[in-house]
Amino acid sequence: MVTKETGGVKRMNICVTASGEGLDSEVDPRFGRCSYFVIYNPETRHVESISNAAAFTSGGTGIKAAEIIANAEVDVLLTGTVGPNAFSMFSELGIDVQVGIKGTVQEAIRQYKAGELQSIRSPNTTPGSGMRKGNGMGRGMKGGGMGRETGRGK
């Protein structure tokens, strides 16, 4: 574990990307598009949930989210995917990015403490991949989507 000394007091902040607030929230593997950053200090057991204001921006989401993490003085980030811009910022700041989280925030912290997660040395996704551009079958009203020419009198 990484610890920093602040005024003679050791501190370490672990951030987990999550879909809600608190330790019982489900993790969200999308760094830039997660709803919350849950920050946990294992020495003090202090928990803070920060809303990800960058989640719904149209561009620069990774950098904006990374700035939130940097301002929260995070030492370790537990997530699923991180793009190149955010990863570059984390590398410069010395923030350890670990991937492979599953379950709740509390379970992700346990996985980290048990050494079950992997530190990454480069981004593991491409820019913009966290945007839900749709994986469905629909192709608009002009055909090619689900239910084409069925049940419409044809």
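Predicted model: local features only at pLDDT ≥ 70, side-chain atom pairs only at ≥ 80, totals over all residues.
Reader: What do the buried residues of α3 pack against?

Author: They pack against β3, β4, β6 (76-79) and β7, where helices (H or I, at least four residues) and strands (E, at least two) are DSSP runs numbered from the N terminus. Residues are numbered from 1 along each chain as its sequence is written, and side-chain values use heavy atoms, with hydrogens and water left out.

Reader: Which residues of α3 are called buried, and what makes them so?

Author: In α3, which spans residues 105-113, they are Val105, Ala108, Ile109, Gln111 and Tyr112. Buried means under 20% relative accessible area, exposed means over 50%, and partly exposed lies in between (1.4 Å probe, protein chains only).

Reader: How do you know where on the helix α3 its buried residues fall?

Author: Look down the axis of α3: its buried residues fall within an arc of 155 degrees, so they line one face of the helix. The arc is taken from the directions from the helix axis to the C-beta atoms. As a general rule, an α-helix has 3.6 residues a turn, so residues three or four places apart point the same way.

Reader: Which residues have the most contacts inside the largest nonpolar core, and what makes it a core?

Author: Those are Phe31, Phe37, Ile69, Leu77, Val82 and Phe90, in a core of 23 residues. Two or more residues each come from β4 (36-41), α1 (61-71), α2 (84-93) and β7 (96-99). There is also a second, separate core of 15 residues, including Ala18, Val27, Val76 and Ala108. Such a core is a set of buried Ala, Val, Leu, Ile, Met, Phe, Trp, Tyr and Cys residues joined through side-chain atoms within 4.5 Å.

Reader: How many aromatic pairs does a search of the whole structure find?

Author: The search finds two. Rings of Phe, Tyr and Trp (its six-membered ring) pair if their centres lie within 6.5 Å; planes under 30 degrees apart count as stacked, over 60 as edge-to-face and the rest as tilted. For Phe31 and Phe37, the centres are 5.7 Å apart and the planes are at 40 degrees, so this pair is tilted.

Reader: What kind of pair do the rings of Phe31 and Phe90 make?

Author: Their centres are 5.3 Å apart and their planes are at 80 degrees, so that pair is edge-to-face. Phe31 lies in the loop between β3 and β4 and Phe90 in helix α2, and the pair links these distant parts of the chain, 59 residues apart. Phe31 and Phe90 are both buried. Together, Phe31, Phe37 and Phe90 form one aromatic cluster.

Reader: Where does pLDDT stay under 50?

Author: One such stretch is residues 1-6, with 15 contacts in the model beyond four places in sequence. Residues 130-152 are also below 50, with 14 contacts beyond near neighbours in sequence. The protein chain averages a pLDDT of 84, and 75% of the residues score at least 70.

Note on methods. Contact = heavy atoms within 4.5 Å. pLDDT = per-residue confidence, 0-100.
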